[in-house]
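These are my notebook entries on one protein structure.

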Amino acid sequence: MKNLLDLDAAGLAGFFAELGEKPFRARQVLRWVHQRREGEFGRMSDLAKGLRDKLAAAAYVGAPRIVGDTLAEDGTRKWLLKVDGANAVEAVFIPETRRATLCISSQAGCVLDCAFCSTGKQGFNRNLTTAEIIGQLWLASRLVDARISNVVMMGMGEPLLNLDNVIPALRLMLDDNAYGLSRRRVTVSTSGVIPGMDRLRDECPVALAVSLHAPNDRLRDRLVPVNRRYPLRELLAACNRYLEKAPRDFITFEYVMLDGVNDSDSNARELAAISREVRCKYNLIPFNPFPRSGFTRSPDERIRSFASVLQSAGVTVTTRKTRGDDIAAACGQLAGDVADRTRRTQGRIAVKELRA
């Protein structure tokens, strides 16, 4: 049985060809599944009964199962989604005045073990399938009143280590017969996996956010261990390559504000120097605490001073408003329920393998 959520337009057309059906039938079903969020073939009323019966025998529409649904005081909504018998991931809906954003996950856990991220402390089990990735958008679109206008792949996992499944999901987000989102309104976040950046650039460029979090290699090696494989100089060069095809004319550098760690004025001046090498804007993220993290949030005044140094240097900078922290739905807090098959020690081995 084929899960149709696993197939982008080209994949669905190929499946319909195997069934002996014409390409326009695949487009019809694509619209039913993703535009109307219909999961029952029997309710696809403009399909011939014979085709509906054929689909019922050969395919299904299967999204992750919701096992938790939590609403924050500010309207942020977090779902815990069971993807198999051992793992659950989290997705977050963030309603705002002029847009509605869905933050989705790409892996069950994360192997990269960034020092300040709750997801990394869960370890890593596996990549999510295309159906499990796009299924988060499919489910959320059925459950919320607002039309989802933006998707950010900033949930659990490193998307660029799962591009075989992420790229078909992105294509569905962009497809006019599916969700019809602009490339500018779909953002993939990466900790700096350079081969993945180059592949995304060539195959499906969308807006790119890079989790920078430190202005030099010494500090970034500590906070973002993948930097040991892909140091800043190489990362900045990859950002400039990406900009050649990017839908936006800048890279967003995400920067979590850690008290006494990376929040000094001298750190800000180092970031200003980076902005002269790559067209960018900085998004400062107040650290969202989780148990035993070992870090604390920079005070508001320190964040304002840090931003002022950047602005004085002519750098575009925003400070992210913390949303959903009362339900552990804020940036860096997503943990889900992951059966860590690597255990954390082996997770570090996997990062070493990236350096090979």
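**Entry 1: a loop and its neighbours**

I looked up D6 and found it in the loop between β1 (2-3) and α1 (9-18). I keep in mind that the model is predicted. Is D6 buried, exposed or in between? I get a relative accessible area of 30%, so D6 is partly exposed.

Next I asked which residues D6 touches, leaving aside neighbours within four places in sequence. The contacts are T129, T130 and A131. I also checked D6 against N165. The two are 159 residues apart along the chain, yet their C-alpha atoms are separated by 8.3 Å.

**Entry 2: the whole chain**

I stepped back to the overall picture. I count 12 helices and 14 strands in the protein. The C-alpha atoms fill a box of roughly 70 × 45 × 40 Å along the principal axes.

How does the radius of gyration sit with that of a compact globule? For 356 residues a compact globule would have a value near 21 Å, and the protein has 21 Å, so the two agree.

I then looked at burial. Buried residues make up 56% of the 356 residues. The accessible surface comes to about 15,100 Å². Carbon and sulfur atoms own 46% of that surface.

**Entry 3: charges**

I turned to the charged side chains. The protein has 53 positive and 42 negative ones. The centres of the two sets lie 2 Å apart.

Side chains of opposite charge can pair when their charged atoms come close. I therefore wanted the number of salt bridges, counting a side-chain nitrogen of Lys or Arg within 4 Å of a carboxyl oxygen of Asp or Glu. The count comes to 19.

**Entry 4: R126 and D84**

The side chains of R126 and D84 meet at 2.8 Å, N to O. R126 is in strand β8 (residues 124-127), and D84 is in the loop between β4 (77-82) and β5 (88-95). The pair links distant parts of the chain, 42 residues apart. D84 is partly exposed, with a relative accessible area of 25%.

R126 also came up in another search. R341 and R126 are 215 residues apart in sequence and 8.3 Å apart in space, C-alpha to C-alpha. I found R341 in the loop between β14 (317-319) and α12 (343-354). At 53% relative accessibility, R341 counts as exposed.

**Entry 5: helix α7**

Here I checked two salt bridges. R199 pairs with E203, and the closest N and O atoms are 3.0 Å apart. Where do R199 and E203 sit relative to each other? They are four residues apart in helix α7 (residues 194-203), so about one helical turn separates them. R199 is partly exposed at 30% relative accessible area. E203 is partly exposed too, at 35%.

The other bridge reaches out of the helix. The side chains of R201 and E244 meet at 2.6 Å, N to O. R201 lies in helix α7 and E244 in the loop between α9 (232-243) and β12 (251-257), so the pair ties together parts 43 residues apart in sequence.

E244 has 58%, so E244 counts as exposed.

**Entry 6: positive phi angles**

Last, I looked at backbone angles. R37 is not a glycine, yet R37 has a positive phi of about 55 degrees. R37 lies in the loop between α2 (23-35) and α3 (49-58). The relative accessible area of R37 is 22%, which means partly exposed.

D113 is another residue other than glycine with a positive phi, near 55 degrees. I placed D113 in the loop between β7 (107-109) and α4 (118-121). Is D113 buried or exposed? D113 has 8% relative accessibility, so D113 counts as buried.

Notes: Residues numbered from 1 in each chain as written. Predicted model: local features only at pLDDT ≥ 70, side-chain atom pairs only at ≥ 80, totals over all residues. Heavy atoms only, no water. Helix = DSSP H or I, 4+ residues; strand = E, 2+ residues; numbered from the N terminus. Rg over C-alpha atoms; globule rule 2.2 N^0.38 Å. Buried < 20%, exposed > 50% of the residue type's maximum accessible area, 1.4 Å probe, protein only. Areas by Shrake-Rupley, 256 points an atom, 1.4 Å probe, with all protein chains shown as cover. Lys, Arg positive; Asp, Glu negative; His and termini not counted. Charge placed at Lys NZ, Arg CZ, Asp CG, Glu CD. Contact = heavy atoms within 4.5 Å.
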